[in-house]
Amino acid sequence: MILQEQMRILAHRNIAKDIFEMTLQGNITKEIKGPGQFVHIRTSAGLDPLLRRPISIASVDTDESCFTVIYRAEGKGTKLLSEKKPDDTADVLGPLGNGFPADAAAAGETALLVGGGIGVPPLYELSKRLNEKGVRVKHVLGFERAEKVFYSEQFSLLGETHVATVDGSFGTKGFVTDTIDRENMEFDQLYACGPIPMLKALEERFHGRRGYLSLEQRMGCGIGACFACVCHTADGAEGRGYIKVCTDGPVFPIGKVVLA
C-alpha cells in the first residue's frame, strides 16, 4: 500500500560532501516490502519546487517504525530538504517501486553488490537482508573522490568491501569495474545500482549471468501516471517496447531494459 504521510525526522546529518542521511519515523515503514524501494519527498510547503524528489531507502528499522534515506543535495529541492532539522516533519509518499529480490541468492552463495555514488544507499539494506539469509556478500563501492565517500565502514561490517575513487584519493584508483577485474571477483548473483555508464559496463561484462540492476531515472510523479521515466525494453515484449522505471522498476533483471 502506498501512503502519504507527514513523517517525523528523527535524525538528519551531513555524512560526506553534499551527502545527507535522514531518518524518518511513521506508518510508511510498515509498508516497505524490500530493499531497493524508494520514497517521494516534498521538499517545500509551497509550489516551488513543484515536484517531489525520489530518494532511495537505505535501511529499515521496523521495531522503531523508521527508515533511513541518503541523498545528494545538488538542486534547489534537495538543498531545501537538507535544511530540515530533527523533530521537523517531511511530506513523504511511499513506499514506491519494486526492489531487489533478496531471495534470488540462496544461503551459501556469494552475492556481489556494486554501487556508484548515490546508487550505494539501497544496497545497504539489501546487504543486511542477504546476511540474514546466510549469503556471503562482497561490496564494490565507487565514488568520484575521497570527500564523497560514505558508508564504507558500515558495509565493511557486513562483508568484504572495496572502494574505488576516480582520482585514487580513497581506496583504489579507477572505476568499480577496474576493481572487479583486479580482484578477479567470483560470484553467483550480481546486484547493482548507480549511473547508467556504470550499469552498462557491468551488463557488457556479465550479460547472461544472474543479476539485477537498479536504474537512476528522473521521475515526475513516481506512480506511473506522468510517463517521465519510461525506457525501452531490450526485446520490445512489454506493450510497445516501453516500461516505466518508477512502477515496473527501478530494479530490473540484467538485460531487461535498454540502458541509454
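Visitor: Which residues form one aromatic cluster?

Guide: The cluster consists of Y124, F143, F150, Y151 and F155. A word on the basis comes first: this is a predicted model, in which local features need pLDDT of at least 70 and side-chain atom pairs count only at pLDDT 80 or more, while totals for chains, interfaces and linings use all residues. Residues are numbered from 1 along each chain as its sequence is written, and side-chain values use heavy atoms, with hydrogens and water left out.

Rings of Phe, Tyr and Trp (its six-membered ring) pair if their centres lie within 6.5 Å; planes under 30 degrees apart are stacked, over 60 edge-to-face, and the rest tilted. By this rule there are eight aromatic pairs. One of them joins F143 to F150, edge-to-face, at 5.3 Å centre to centre and 70° between the planes. Both F143 and F150 are buried, that is, under 20% relative accessible area with a 1.4 Å probe and protein chains only (exposed is over 50%, partly exposed in between).

A further pair is formed by F187 and F206: the ring centres are 5.1 Å apart and the planes stand at 85°, so this pair is edge-to-face. F187 belongs to the loop between helix 4 and strand 11 (189–194) and F206 to helix 5, so the contact ties together parts 19 residues apart in sequence. Here helices (H or I, at least four residues) and strands (E, at least two) are DSSP runs numbered from the N terminus. F187 and F206 are both buried. The ring of F187 also has a charge over it: the charged end of R209 sits 4.3 Å from its centre, the criterion being NZ of Lys or CZ of Arg within 6 Å of the ring centre and within 35 degrees of the ring normal.

A pocket is an open set of points on a 1 Å grid with protein on both sides within 12 Å along at least five of seven lines; a cavity is a set where a 1.4 Å probe fits but cannot get out, and lining residues have an atom within 4 Å of a point. The pocket is lined by 46 residues, with R72, E74, I118, G119 and E216 nearest its centre. Its volume is about 1300 Å³, taken as the space filled by probe spheres set on the points. Strand 4 supplies the largest share of the lining, four residues.

Strand 2 (residues 19–25) has six of its seven residues buried, so it is largely enclosed by the rest of the structure. Seven bridges also join strand 2 to strand 1 (residues 3–16), again antiparallel, and A11 stands opposite T23. In the hairpin of strand 1 and strand 2, with two residues between the strands, D18 takes a positive phi near 65°.

Technical notes. Pairing = 2+ DSSP bridges.
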